[in-house]
Structure formats: C-alpha cells, structure tokens
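Here is a short briefing to read alongside the structure. Have the model open as you go through the points.

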Amino acid sequence: MPRSSPPPDWVIARRRQIGDQIRAARLHANLTQEAVANAIPMERPNYNRIEMGHSAATLDTLLLIADVIGVPLAELVR
C-alpha cells in the first residue's frame, strides 16, 4: 500500500546518511556506481538515487549492495 504522506524529516536525513555510507564504502572498494549497479542488477540512475538518499532501498537491495562492495550490511547502516 503506498504511503499517503511523505516520511518524517528524520527518516529522510537517515536515508541520506546511509547513502553517504554506501558511497564511502563503494569508493573505498574502488568501485564505480556502474559496476555496483550492474552486479546487483539495477539501472545506474536507480542506484544513484539510493546513494543520494532520494530513494529508499529495500533490505534485499541493501544486502546485495553490501555483498558486491564486500562489507557487512551493518557497515552501511550504522
């Protein structure tokens, strides 16, 4: 069921923080957005929206991203 109202500001801020952590881990692993997106598989613009905090990732997607980057999920959402 679609959400009738946007999420609270703190949820959006936390989503951006998680996106920053994903980006930092990806860069540390010397991977491009394209490489991670292709490995998931996902379109690169959709992956970019997760890193930017504009889109909420599902748990499955976060697990796939963590696996491709080579870090525990907890590192991405701490």
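## A glutamine and the helices around it

Q33 is buried, at a relative accessible area of 13%, which is under the 20% cut-off for that label. Please keep in mind that this is a predicted model.

**Q33 and its surroundings**

- Q33 belongs to helix α2, which covers residues 33–39.
- Its side chain makes a polar contact with the side chain of E51, at 2.9 Å.
- If neighbours within four places in sequence are left aside, Q33 is in contact with R26, R44, Y47, N48 and E51.

**How α1 meets α3**

- Two packed helices are described by the angle between their axes and the distance between those axes.
- For helix α1 (residues 9–28) and helix α3 (residues 44–52), the angle is about 115° and the axes are 6 Å apart.
- On the α1 side, the contact is made by R16, G19, D20, I22, R23 and R26; α3 brings in Y47, I50, E51 and M52.
- Sorted by class, this contact has 4 nonpolar, 1 polar and 5 charged residues.

**The two sides of α1**

- With 20 residues at 1.5 Å a residue, α1 should span 28 Å, and the 29 Å between its end C-alpha atoms agrees with that.
- Buried in α1 are I18, G19, Q21, I22, A25 and R26.
- Viewed down the helix axis, the buried residues of α1 fall within an arc of 160°, so they line one face of the helix.
- D9, W10 and H28, on the other side of α1, are exposed.
- The cover over the buried residues of α1 includes α2, α3, α4 (59–69) and α5 (73–77).
- After α1 comes N30, with a positive phi near 55°.

- T61, L62, I65, A66 and I69 are the buried residues listed for α4.
- Around the axis they cover an arc of only 135°, which puts them on the same side of α4.
- The face turned away from that buried side carries the exposed residues L59, D60 and D67.
- Helices α1, α2, α3 and α5 are among what covers the buried residues of α4.
- Just after α4, G70 takes a positive phi of about 90°.

Terms used
Residues numbered from 1 in each chain as written. Predicted model: local features only at pLDDT ≥ 70, side-chain atom pairs only at ≥ 80, totals over all residues. Heavy atoms only, no water. Helix = DSSP H or I, 4+ residues; strand = E, 2+ residues; numbered from the N terminus. Buried < 20%, exposed > 50% of the residue type's maximum accessible area, 1.4 Å probe, protein only. Polar contact = N/O pair within 3.5 Å; in protein donor to acceptor, adjacent residues only side chain to side chain. Contact = heavy atoms within 4.5 Å. Axes fitted to C-alpha atoms, helices over the stretch in contact; angles between N-to-C directions. Nonpolar A, V, L, I, M, F, W, Y, C, P; charged D, E, K, R; others polar. Expected span 1.5 Å × (residues − 1). Arc of directions from axis to C-beta.
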